[in-house]
Amino acid sequence: MDFGSAEKASRFRRLHHGDRPLVLPNAWDFASGAALAEAGFPAIGTTSLGVAAAAGKADATGGTRTETAALARTLARLPVPVTVDIEGGFSDRPGDVAALAAELASFGIAGLNLEDGRADGTLAPAGDRAEVIAAVKEAAPQVFLNARTDTFWLGTPELEETLRRARAYAEAGADGIFVPGIAGDADIRAVLDATGLPLNVLYLPGRTGYPRLARLGVHRVSTGSLPFREALRATVAAALEVTGAGDAPPVPSYGDVQRLVSGR
């Protein structure tokens, strides 16, 4: 890793310990990432839904390793640190995921998101995920590894399982914990107290407002697929405005986008 990449990795780590939570907008191509960086955001993430949908593929199925790596290589040119969503690592084998992490680190990527949710809607065994986390940290120790647990994202929220997984991932070497879907004050405080690691929360309009998350002590707030889905709405609205026919559509949901790319 060259000096510039090392400096970005160090800067990205420090951004998790500022006076206010890091707002991390998520890009899906180079243009969206460059526009967000130019707008003044100090770091940029990627959205796996946007990357997959832009390639005509479904999200969270492990089919976009090539597209993710190619985008990471271009986004690394940005002047700000970049963290990349690699879904579940595109493999169940720790060595494979570690090799991908090392490859992305060689491009100058400062962070990775690694999730435990699976395409069938279940959670991967926590022990297996911990092994992958340990392998990634050994292969790319400078990269900020954000370990995502989908205990609140998939089905009924389960706080005790969330805390168990957060502790296991922290012990394996994770640098941060991401719990998309978590929103309640007590739940957020419990996760913050469980590991001492920076906590990442997904912005949910009407549920996870930035000022409240800042008061609770959350370290990072991600926009997830929201900017990509807003862009889809704006695209259709702009075309409809030309024709003068039809009202502006609502913002498509995650499920709507998955349906679009599947052709159903």
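**Helix packing and overall fold**

Reply: Happy to! This is a predicted model, and in it α6 and α7 are roughly parallel to each other, because the angle between them is about 25° and angles under 35 degrees count as roughly parallel.

Me: How far apart are the axes of α6 and α7?

Reply: Two packed helices are described by the angle between their axes and the distance between the axes. Here the pair is formed by residues 126-139 (α6) and residues 159-172 (α7). Their axes are separated by 8 Å.

Me: Is the crossing of α6 and α7 left-handed or right-handed?

Reply: The handedness describes how α6 passes α7. That crossing is right-handed.

Me: Which residues of α7 meet α6, and how many residues in the contact are nonpolar?

Reply: From α6 come Ala 126, Arg 129, Ala 130, Ile 133 and Ala 134. They meet Arg 164, Arg 165, Ala 168, Tyr 169 and Ala 172 in α7.

Me: How many helices and strands does the chain have, and why is it called as compact as a globular protein of its length?

Reply: The chain has 11 helices and nine strands. For 264 residues the globule rule gives 18 Å, so the chain is as compact as a globular protein of that length, with a radius of gyration of 18 Å.

Me: What share of the residues counts as buried?

Reply: The C-alpha atoms fill a box of roughly 55 × 40 × 40 Å along the principal axes. Buried here means under 20% relative accessible area. Of the chain's 264 residues, the buried share is 50%.

Methods
Residues are numbered from 1 along each chain as its sequence is written. This is a predicted model: local features need pLDDT of at least 70, side-chain atom pairs count only at pLDDT 80 or more; totals for chains, interfaces and linings use all residues. Side-chain values use heavy atoms; hydrogens and water are left out. Axes are lines fitted to C-alpha atoms, for helices over the stretch in contact, and angles run from 0 to 180 degrees between N-to-C directions. Helices (H or I, at least four residues) and strands (E, at least two) are DSSP runs, numbered from the N terminus. Angles under 35 degrees count as roughly parallel, over 145 as roughly antiparallel, 65 to 115 as roughly perpendicular and the rest as oblique. A crossing is left-handed if the near helix is turned anticlockwise from the far one by less than a right angle, and right-handed if clockwise. Contact means heavy atoms within 4.5 Å. The radius of gyration is taken over C-alpha atoms; the globule rule is 2.2 Å times the number of residues to the power 0.38. Buried means under 20% relative accessible area, exposed over 50%, partly exposed in between (1.4 Å probe, protein chains only).
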